Amino acid sequence: MYRNIGKVVLSLALPLVLVVVALVAPASAQQSVRLQYRTSAPGATTAQAEPWLQLFNDGTTTIPLNQVKIRYYLTGTETYRFACSWAVVGCSTVTGQFVRQSGADQYLEVGFTSGSLAPGANTGDLQLRFYRADWQTFTQSDDYSYGSNTAYTNWDKVTVHINGQLAWGRPNGTEPTPTPTPTVPPTGSAGVLFDDFTYTGSSDPRLAQRGWTVRSSSGGPGVPGATWSPSAVSFPGGLLTLDSATNGTAAGTVQTELSTANRKFFEGTYAARVRFSDAPASGPDGEHVVQTFFTITPLRYNLDPDYGELDFEYLPNGGWGESSNILYTTSWETYQADPWQAVNTHTEERASFAGWHDLVIQVSGGRIRYYVDSRLFADHGDIYYPETPMWIMFNQWFIDLQAATGTRTYRQQVDWLYYSKNEVVPPADVTGRVASLRAAGTAFTDTVPNP
């Protein structure tokens with residue numbers, strides 16, 4: 001935001017200079033910091049602002065980064081989303097939140113969860129960005145902290161605070177009290193869902209009674225015109241079994257899905273024992289099939305900021321440009337269907353995952369951690385952290401259709417599902433709890449409160 005100060009009478013000039021000097025003075029002689037700024041999106045209007053920052057320690061003592069807050073001031077009451085594109089210190093340690101000031105001002109406050117800055121060192125690049133929640137373009141040239149320079153320079157319109165005290169820069173607008181340290185997420189469970197899938201078939205009335213929906217409605221994902229068939233969902237030997245098949249035509253394609261009926265699952269631990277398959281149960285191989293375990297919030301409109309989705313997706317024959325088997329974990333902020341625009345982050349591993357696997361998703365404290373057989377597979381967060389309650393789903397569907405002779409049937413199976421609300425449960429403890437439930441003869445329990 002540009003401020004037109006105008007002429008200042010001579011009698012006020014000296015006090016003004018003294019005020020500015022006081023504002024940029026370091027917190028102590030031993031602890032002196034300096035900030036440099038550049039932008040990789042210098043236009044006056046933009047779809048997303050891209051401030052890049054570097055923090056320098058010019059003092060003589062090490063600074064714990066969890067004591068540091070950086071404030072970037074902007075104009076407007078719109079709702080923005082923050083993201084870290086890349087950082088030398090690791091985006092997983094970088095946090096961002098928007099703080100309202102009086103009038104039409106606010107600031108982006110950037111912090112750190114860990115790390116330290118030694119004397120004479122700097123953080124290296126912090127490649128940050130933010131955008132409107134509705135993905136509309138906005139004017140950034142009137143933001144107080146904005147500069148069009150694309151090379152790093154010392155920048156006092158972005159402030160640095162250490163332990164709540166101003167250590168660098170010239171603030172803009174009102175200064176709320178320092179951001180309090182977040183409370184530790186609760187460790188005790190607020191409700192548990194466990195299902196051993198002991199049903200007689202997809203028409204078993206206990207499925208609906210226990211909060212499950214076997215899909216029969218048309219629509220995506222997958223092949224347009226395909227059928228979602230309850231009759232292809234079965235439970236032999238207490239295993240949820242999804243048999244999806246195709247003869248190479250849309251009319252001859254059957255996809256399968258089982259979903260919770262209630263959107264009541266948010267933070268906590270999700271786990272399932274899932275069997276992925278590389279080869280079809282019958283017929284020739286080669287289809288681009290997706291075998292899944294995921295959570296999801298519905299998209300109300302394009303780029304809905306409250307949308308959320310956390311995916312395990314296994315592609316035994318590739319697809320989406322991949323030529324062979326690959327496992328994705330994907331965390332979604334939002335998307336737009338037409339023209340396609342995806343706002344997500346993913347981690348992948350190109351290998352066969354055929355066979356049984358214990359899959360765990362921990363959602364807590366702004367982080368989403370995915371585990372495969374107790375191994376940490378991915379750690380996501382920032383804007384991709386879910387904002388609203390979700391459904392839990394399993395489905396198996398086809399990305400597209402290959403030339404085929406005869407019908408190909410692919411099978412995905414699930415042994416059990418476990419969810420603990422508001423509790424981070426280590427993967428080894430999940431399997432222990434499931435074993436205890438089974439030993440007690442518990443086939444199903446649901447104490448998770450309805451919304």
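Two strands count as paired if DSSP finds at least two bridges between them, a strand being a DSSP run (E) of at least two residues, numbered from the N terminus. The model here is predicted, so to speak with care, local features need pLDDT of at least 70 and side-chain atom pairs count only at pLDDT 80 or more, while totals for chains, interfaces and linings use all residues. Residues are numbered from 1 along each chain as its sequence is written, and side-chain values use heavy atoms, with hydrogens and water left out.

Take strand 3 (residues 51–57) to begin with: two bridges tie it to strand 10 (residues 126–132), and the two run antiparallel. Across that pairing, L53 sits opposite L126 in strand 10. Both strands belong to an open, antiparallel sheet of five strands, in the order 6-10-3-1-12. Strand 6 (80–87) and strand 12 (153–154) are its edges, each pairing on one side only.

Next comes the packing. A nonpolar core is a set of buried Ala, Val, Leu, Ile, Met, Phe, Trp, Tyr and Cys residues joined through side-chain atoms within 4.5 Å, where buried means under 20% relative accessible area (1.4 Å probe, protein chains only). The largest core has 38 residues, and F197, L240, Y270, F293, F394 and L417 touch the most other members. Strand 21 (residues 268–276) supplies the largest share, four residues. A separate, second core of 33 residues includes V33, I63, I162 and A167.

Finally, there's T246, which lies in strand 19 (residues 240–246). T246 is buried, at a relative accessible area of 0%.

Terms used:
Buried means under 20% relative accessible area, exposed over 50%, partly exposed in between (1.4 Å probe, protein chains only).
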